Amino acid sequence: MTGTIIGNQNPLEGTTYSYEVKPSLLSFGLKGEYEWYLYKKQKNGTWKDITGKPKSGEKVTYRFGEIAVGIEFQMKVYEIKKGILPGLPANKELAGTLILIPTSNKVSKIDKVVLFNRGAANVNKASYRDTLIAQAHCIGMFNKEIEFHLWEDDAPGKGHDPVINKNNRHTRSYKALVNAKGIAEVQIPLMSDEKILRQMANQFMMKGDKNEGANHEYYVTASYSGQIQGTSQVNVDVANPDYKGQSQNQTKPQPQGNTPKFTPGQKAPKQPDPKGNIIEAVFIDDKGNELSKVAVGDKVRVRIHSKNMVGKHIQYVIWEYDTTSNDEVYRSGNIKIPADVCDTSGFVITKAIFEKGIDSPVGDPDSDKQNYFIEIISKDLSAESQKFGINPEGLVQVEKLKSAAVVQKQDPKPENGKCPNCDKPVTADDLKTIFPNATEANRKIVADTYTKYMKDLGMNTCWNKAHFFAQAKIESGDALSLKEGEGFNYYWESLIATFGAFKTKEGREKAKLWGRAIRDRRDPKAVDVPRETQIKIANYAYSPPASKAKELENTEPNDGWNYRGRGLIQVTGKGFYKYCNPYTLKYNNVDVIKNPDAIGQSIDLAVSSGMIFFKWKSINMLANTTKDVKGKICPLVGKNADKTIGNKKSTNYDEKQKAFTNITSLVFKIDSCKFGKGDEPKKQKGKYATYDSKYTADDTTIYIDVIVPSDRKKEGLLVFFDNTGILHKCYVLGLGTGGEDRYTNGGYGNVPNGLWKTKQELNEPNANGQPYPNSGVSFGNHGTIRLSPKAGDALNASKRSGILLHCGHTIGDGKKGLTDNGPLMVTHGCLRVYNKDMPIIQKIYTEQAKKGKTIYIYVEETTDLKAMFTNYGTVPDPKDTVIRKNKKYDPQ
């Protein structure tokens with residue numbers, strides 16, 4: 001008979017406790033020696049012997065460190081009895097067992113927060129090409145999730161004034177778990193959000209400042225459970241590219257001058273790494289072929305040849321070569337070298353990346369063709385870097401294609417009316433924006449798994465990709481944290497609020513018995529629910545006789561626990577696991593009925609099971625027809641739950657809707673997806689179409705597409721295109737002083753949607769020797785384009801004869817001046833662009849008209865301006881911050 005072990009089952013970390021074995025009262029015979037063993041519970045539920053050398057005696061001591069906090073241990077003591085007769089072997093009998101879960105003896109807190117530019121000569125200086133490091137140094141918070149936010153500092157002097165900086169927080173958050181050393185660390189790649197950050201920094205300035213100056217000052221805050229608990233004290237100064245004060249004296253960041261590199265020309269020898277660690281770096285495509293010439297829109301990868309570098313970290317930087325200076329166009333994150341030959345995941349040479357190599361907007365030869373070389377920075381061995389070119393001339397050549405400026409428009413031609421993007425593989429680069437804190441290796445596994453099974457599961461559409469990864473982002477977080485199994489570590493009142501089984505009288509009693517007594521887990525006195533009790537909770541909530549069991553098809557007493565939520569989107573219930581099993585046997589040779597834990601232990605199974613769930617619930621069909629994540633997709637995936645984001649209350653459903661609208665729908669370009677439109681006849685043949693795909697340019701017809709919000713009070717985008725691509729794009733305003741009186745002649749209302757015929761009117765004498773009257777501050781000095789109804793809602797405005805496209809004064813100019821200094825001003829019912837854009841539009845119009853082209857203006861609306869601007873590779877007008885009224889000369 002086994003006895004008992006007396007001692008604290010929730011020892012405080014860092015404190016020594018005594019444990020004593022008390023033999024069973026039914027134990028007879030001579031007392032022997034005792035040996036003590038300690039076992040740690042693994043994620044798969046098994047126990048691992050971590051004893052080392054066993055302790056001995058009836059009474060021993062143990063001391064647990066911070067890394068053990070919250071982990072379940074089992075203590076076993078064995079009695080070693082000598083043989084009754086000489087020569088007989090000793091007996092080893094179990095004398096007692098005890099389950100322990102160490103707790104923290106410290107007041108959990110974020111002790112210090114720092115922000116710095118790792119690897120830089122001055123860690124407090126950076127450019128928008130750099131990746132900053134944010135760290136939270138914590139006490140008593142091992143394995144807790146810390147959330148970081150980046151702020152731009154406009155407060156004068158030292159310190160950070162939350163009132164002054166209230167509008168200066170970047171919308172993106174970064175999350176990481178506290179490691180065994182008490183540090184949570186995230187990377188903040190400034191290049192990813194450069195346009196947004198610069199717009200934010202330049203919009204709000206210190207009182208009295210005329211501009212932001214040479215630097216934007218950034219700091220970070222760190223929070224746990226929504227409460228800001230730490231702020232970095234030293235700002236990082238990021239060079240302001242928009243600063244004009246002393247631009248002629250400022251020098252751009254350059255590669256180190258003493259590092260090996262290729263230079264143009266046949267006489268350029270390769271300078272080897274003096275340490276001999278980095279041997280070569282080359283550009284390759286997805287098939288592994290070396291590249292010497294690429295174009296905007298192409299994906300490139302970097303192959304690194306090294307020796308003695310396995311397990312070390314490097315970073316690569318892509319530079320555009322100039323004879324006098326170089327421009328940094330792309331910087332990778334830190335990469336751990338897995339082998340002597342390492343192929344990185346790579347990146348797409350987007351229009352934005354190409355534009356970083358252009359120094360002057362006019363006359364720069366780099367605007368059509370550029371040459372790149374690679375810099376390799378060793379993060380572990382030294383601060384030195386190596387630079388490599390590609391072809392015999394030493395550099396890889398990049399050409400800007402003479403087609404649409406938007407990279408998306410360079411996609412392959414659709415076949416048989418199908419969307420060319422739907423069948424495109426998901427890449428690790430696609431997932432960078434969605435899971436910014438995940439490892440590159442995990443992003444690649446997730447991307448490859450989705451691509452592998454998407455056709456078989458009917459999820460090979462842009463829409464399905466966007467919906468699936470929106471759900472996964474919120475369920476698994478920015479770090480792609482794989483959930484091995486749904487946890488039931490609930491506060492007792494939360495059990496009642498969450499599960500129907502606990503709403504009964506008996507259920508409420510069990511909730512009080514099993515749930516946590518203290519709501520806030522950060523409270524030092526709070527004790528987590530032990531695993532054995534979590535199993536009871538799961539089975540009470542999900543197994544028979546609970547009503548939820550029938551819905552989940554759980555039939556056995558332990559099914560609630562066995563088939564609890566797992567994987568990327570928390571798939572739950574025996575019914576689903578039964579549906580899923582033929583697929584997992586086919587794909588992975590894994591029986592998830594017998595081994596349900598496998599879904600929570602394997603990333604590829606976590607992804608494929610989520611995709612199978614989409615098919616099971618027919619979400620893969622519904623996803624192709626809706627943007628309503630909160631109302632249509634989420635209820636099919638799981639229950640809603642409250643969330644705290646920063647200091648704001650939110651819900652699980654709300655965050656998934658935001659993830660879809662603001663991130664995944666843009667990554668997978670759903671607004672330009674042609675799924676379901678392939679059988680619709682086009683009005684013209686050709687490649688480039690209006691934003692809603694209704695009208696397409698061809699050899700004889702081209703369009704000026706005007707995309708505006710329905711109330712017209714914000715600026716939209718004008719896109720002038722033909723069948724070769726975009727000829728010009730600029731901001732446009734369609735707000736009239738008559739508001740929604742769109743159809744009355746003289747009502748000066750907003751310009752109606754629809755197709756309009758056009759007539760060019762230049763500021764030059766007509767046949768009678770009289771100049772056109774539409775000039776001066778109201779119309780600008782670059783002529784107008786007159787609209788007359790052709791099709792759609794425009795026909796309802798047939799009585800309106802004075803609708804024009806023109807430029808003119810902006811807000812703040814009043815009745816004088818044509819400065820373009822302010823945002824676009826309301827008109828008497830016309831379309832207005834900036835003065836700098838109108839002559840370009842007129843020039844293109846004249847050239848195309850001479851070629852015999854018919855030019856239409858098409859006015860359309862969008863409910864998502866941000867997505868529209870993103871689709872065309874641009875951002876909203878930084879000056880467009882006013883709340884407009886339907887009144888001219890109003891200060892707005």
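Val706 has Leu718 as its bridge partner in strand β32. This pair belongs to the antiparallel pairing of strand β31 (residues 701-708) with strand β32 (residues 716-722), which extends over five bridges. The model described here is predicted. In total, the secondary structure of the protein amounts to 17 helices and 38 strands.

**The eight-stranded sheet**

- Strands β31 and β32 take part in an open sheet of eight strands, arranged in the order β33-β32-β31-β38-β34-β35-β36-β37.
- The edges of this sheet are β33 (725-732) and β37 (831-832); each has a single partner strand, so one side of each has no neighbour in the sheet.
- The pairing within the sheet is mixed.
- In general, the strands of a sheet are paired through backbone hydrogen bonds, in either a parallel or an antiparallel manner.

**Strand β12 and its two partners**

- Strand β12 (residues 145-152) is mostly covered, with seven of its eight residues buried.
- One partner of β12 is strand β13 (residues 169-177), and the two are joined in the antiparallel sense by six bridges.
- Within that pairing, Leu177 of β13 stands opposite Glu145.
- Another partner of β12 is strand β15 (residues 215-224), which also runs antiparallel to β12 and is joined to it by six bridges.
- Here Thr221 in β15 is the bridge partner of His149.

- Which residues of helix α6 (residues 505-514) are buried? They are Gly507, Ala511 and Trp514.
- These three residues lie on the same side of α6, because they cover an arc of only 85° around the axis.
- An α-helix has 3.6 residues a turn, so residues three or four places apart point the same way.
- Lys505, Lys512 and Leu513, on the other side of α6, are exposed.
- The cover over the buried residues of α6 includes α5 (492-498) and α7 (531-542).

**Residues in other helices**

- Asn202 belongs to helix α1 (residues 194-203). Its relative accessibility is 26%, so Asn202 counts as partly exposed.
- Asn202 and Asp242 are separated by 40 residues in sequence, while their C-alpha atoms are 8.5 Å apart in space.
- Ser665 is part of helix α15 (residues 652-667). With a relative accessibility of 7%, Ser665 counts as buried.
- Between Ser665 and Phe469 there are 196 residues of separation in sequence, and the distance in space is 9.5 Å, C-alpha to C-alpha.
- When neighbours within four places in sequence are left aside, Ser665 is in contact with Ala466, Phe660 and Ile670.
- Gln842 is located in helix α16 (residues 838-850). Is Gln842 buried or exposed? Gln842 counts as buried, because its relative accessibility is 5%.
- Beyond its neighbours within four places in sequence, Gln842 is in contact with Gln760, Glu761, Leu762, His782, Gly783, Thr784 and Ile785.

**Thr572 in a loop**

- Thr572 is placed in the loop between α9 (559-562) and α10 (574-588).
- A polar atom of the Thr572 side chain lies 3.0 Å from the backbone oxygen of Gln570.
- With neighbours within four places in sequence left aside, the residues in contact with Thr572 are Glu486, Tyr542, Leu552, Tyr563, Arg564, Gly565 and Tyr577.

**Cysteines**

- A disulfide is a covalent bond between the sulfur atoms of two cysteines.
- How many disulfides are counted when the sulfur atoms of a pair must be within 2.5 Å? The count comes to zero.
- Cys342 counts as buried, because its relative accessibility is 4%.
- Cys807 likewise counts as buried, with a relative accessibility of 0%.

**The protein as a whole**

- The protein has 892 residues, and buried residues make up 50% of them.
- Of the contacts in the protein with a separation of 6 or more, 67% are between residues 24 or more positions apart.

Conventions
Residues are numbered from 1 along each chain as its sequence is written. This is a predicted model: local features need pLDDT of at least 70, side-chain atom pairs count only at pLDDT 80 or more; totals for chains, interfaces and linings use all residues. Side-chain values use heavy atoms; hydrogens and water are left out. Buried means under 20% relative accessible area, exposed over 50%, partly exposed in between (1.4 Å probe, protein chains only). Helices (H or I, at least four residues) and strands (E, at least two) are DSSP runs, numbered from the N terminus. The arc is that of the directions from the helix axis to the C-beta atoms. Contact means heavy atoms within 4.5 Å. A polar contact is a pair of N or O atoms within 3.5 Å; within protein, one must be able to donate a hydrogen and the other to accept it, and residues adjacent in sequence count only if both atoms are side-chain atoms. Two strands pair if DSSP finds at least two bridges between them. A disulfide is a pair of cysteine sulfur atoms within 2.5 Å.
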